[in-house]
Amino acid sequence: MTAAPNVDGIRLDKRRARAEPAATMRSAVRQPGHRLYMALLIACTVLLVPVAIGMQRSGELGGDGPFYWGVQQALLQHGWFSIPDDIATAVASMERRPNLDGEGRLIQGLDGARYAVHFWLYPLLSVPFALLLQLAGVATTHAFPLLNAASFGVAIWVLHRSPRLDLTGKCVVLTSFATTTINWYVAWSHPEVFTACLLLMASLMLLERRHFCASLLAAIASLQNPSAILLLGAIALVAIADAIAGARQAPIARALLQAGLRIGGGAVIAVLPYLYGLAVLGVANPILANGYVDFSQMTGRKLLSLIFDWNQGLVIAFPFLLTLLVGVIVLRMRHAGWRGLLRTEDALLLGMLAMALPVLTQVNFNAGQYYASRYLAWLVAPGIIWAGLQVQGPYARGGLWAWFIGFGFYAANFGLFLAQKLHYVLTVMRVGGLPYEDQLVMKPIAALLLAAMPAAYDPWPEIFIERTLYRELTVEEIRGSRIEAVGYPAGGGRFTKVITRQPELSFVAARLCPGGEAVAESSPDAPRFSAAGPGYFYLDGALRCRPLQPPRQPR
């Protein structure tokens, strides 16, 4: 198989990219035991779904779940998306509120009725499951986990049929996806799993050069998570690279035009929420209009937090991906140098990065979650496909290697999940049986760093404040930086890490040491502060409160 020369730093393989017939590619991955092995993996994964649902109390609606349920009930009741008074009362009850006055997740439409700010595709697709549950006498709140599980089933089928991954690659993708995104979020009444499955399939379509299908799936995913539309950048990059590589067979301009029509034709559906918003709500983007997005927060520091935060970042959610990325870079540099550093499939990582940028504008960054940020649950889907491509090997490595990689990832990820759940249960018991809120609990490694090496961990302000106070901040508190000072306690009037709105020790002392004074242990004479994020500063070093010392009398 001959490789094309590098084009703008991207190494192309023509026969793998376009010229090799699909039938030949499919036969290459039909190794002995392939069907049996995939059947065993699928069976194990399907068994995992009810386990995850049972552990995460399926049917309990958290986060935006009550509002998705409200739209679902409205569709069942009168076939439209407006939420009537009786359903609004039920939603308020789920939110533990007397009413929904001032609720930012509802907006008044042009017809005067209430509408949810989130698009209606996800609750609409849950309606058939809700009807079946009604017939069975089961609460319709369970319709969302069933929709998530069905989405996963479709993704498994597409993965199994894909000619771009061999047995080992499919094994890694399936087990990694099942024991992370699916395991954590299949029971949620949120579209994380739904979006992740669509992006997983879109990434496979991209590798198969089915540009229309890839862009259509990414566009459907963007209906619930608008950032997903930026995967089109990766699709377009691959299409351009293919057009350049195939210039001898067809003119570049014609190839680009054909690819553009395919990509644009699939992506056109992405405008549907904005047309609906203008026609029904009077505003194209109600989430932006209601203050849940702040473009000033799209910073490099917040991007690093999304990747490296020890409470909810990529480093704890998918550590194998970061480890594999470093290993792949080292191997490529050793074998091909800088000229062979980038390959066509790396566009998946660029697409993943592009989708992450709008996520940074979310005001509620430390959002409700299980184990890791729920944004990462779908952002990482292209990265998982990329990982499968990197570990798959030639025919000779298919047997024991596939079993080891597949079940190794499966056991490690699921074991980590169980360990985290045990930690949360023990934490809730320790703090007195408070509600189970993962986004308000410090992860063990984060707590260890804050206790032993606080300078090594500077989380995004919202993450530190909410998890230290064990309290969800309002959007107004986050946007206005209204929390004045918070310290991570170490006992005895000592705080290992302090965040403050003003970089002044007297300001901190008045809030954390009432009736006393504060001493910065690392630099008592000239305490140092560093920027923590919009409107906040971290005190460098620990802080100790002590009683006010009487002024010294002159001799």
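**Close-up views of a predicted model**

**View 1. Gly 260 sits in helix α12.** Helices here are DSSP runs of H or I with at least four residues, strands are E runs of at least two, and both are numbered from the N terminus. At 39% relative accessibility, Gly 260 is partly exposed; buried means under 20% relative accessible area, exposed means over 50%, and partly exposed is what lies in between (1.4 Å probe, protein chains only). Residues are numbered from 1 along each chain as its sequence is written, and side-chain values use heavy atoms, with hydrogens and water left out.

**View 2. Ala 267 is also a residue of helix α12, which covers residues 252-267.** Ala 267 is buried, with a relative accessible area of 12%. Leaving aside residues up to four places away in sequence, Ala 267 touches Ser 215, Ala 219 and Leu 232; a contact means heavy atoms within 4.5 Å.

**View 3. Helices α10 (residues 211-222) and α11 (residues 231-245) have axes that come within 9 Å and cross at roughly 170°.** The axes are lines fitted to C-alpha atoms, for helices over the stretch in contact, and the angles run from 0 to 180 degrees between N-to-C directions. α10 and α11 are therefore roughly antiparallel to each other; the cut-offs are under 35 degrees for roughly parallel, over 145 for roughly antiparallel, 65 to 115 for roughly perpendicular, and oblique for the rest. Their crossing is left-handed, meaning that the near helix is turned anticlockwise from the far one by less than a right angle, with clockwise giving right-handed. On the α10 side, the contact uses His 211, Ala 214, Ser 215 and Ala 218, and on the α11 side Leu 231, Leu 232, Ile 235, Ala 239 and Asp 242. Sorted by class, the contact of α10 with α11 has six nonpolar residues, two polar and one charged. Ala, Val, Leu, Ile, Met, Phe, Trp, Tyr, Cys and Pro count as nonpolar, Asp, Glu, Lys and Arg as charged, and the others, Gly among them, as polar.

**View 4. Helix α4 (residues 65-78) meets helix α6 (residues 121-136), with axes that come within 9 Å and cross at roughly 65°.** That angle makes α4 roughly perpendicular to α6. The crossing of α4 past α6 is right-handed. From α4, the contact takes in Tyr 68, Val 71, Gln 72, Leu 75 and Leu 76, and from α6 Tyr 122, Pro 123, Leu 124, Ser 126, Val 127, Ala 130, Leu 131 and Gln 134. The contact of α4 with α6 counts ten nonpolar residues, three polar and no charged.

**View 5. Helices α17 (residues 319-336) and α20 (residues 381-391) have axes that come within 11 Å and cross at roughly 45°.** That makes α17 oblique to α20, and their crossing is left-handed. Phe 320, Leu 321, Leu 324, Leu 325, Val 328 and Arg 332 of α17 meet Gly 383, Ile 384, Trp 386, Ala 387, Gln 390 and Val 391 of α20. In the contact of α17 with α20 there are nine nonpolar, two polar and one charged residues.

**View 6. Strand β6 (residues 494-500) is mostly covered, with six of its seven residues buried.** Strand β5 (residues 485-491) runs antiparallel to β6, joined by six bridges; two strands pair if DSSP finds at least two bridges between them. Pro 489 stands opposite Phe 495 in β6. The β5 and β6 hairpin has two residues between the strands, and Gly 492 there takes a positive phi near 70°. Strand β9 (residues 536-539) is antiparallel to β6 too, over three bridges, with Val 498 opposite Leu 539 in β9. With strand β10 (residues 543-547), β6 pairs in the antiparallel sense over two bridges, and Arg 494 stands opposite Arg 544 in β10.

Methods:
This is a predicted model: local features need pLDDT of at least 70, side-chain atom pairs count only at pLDDT 80 or more; totals for chains, interfaces and linings use all residues.
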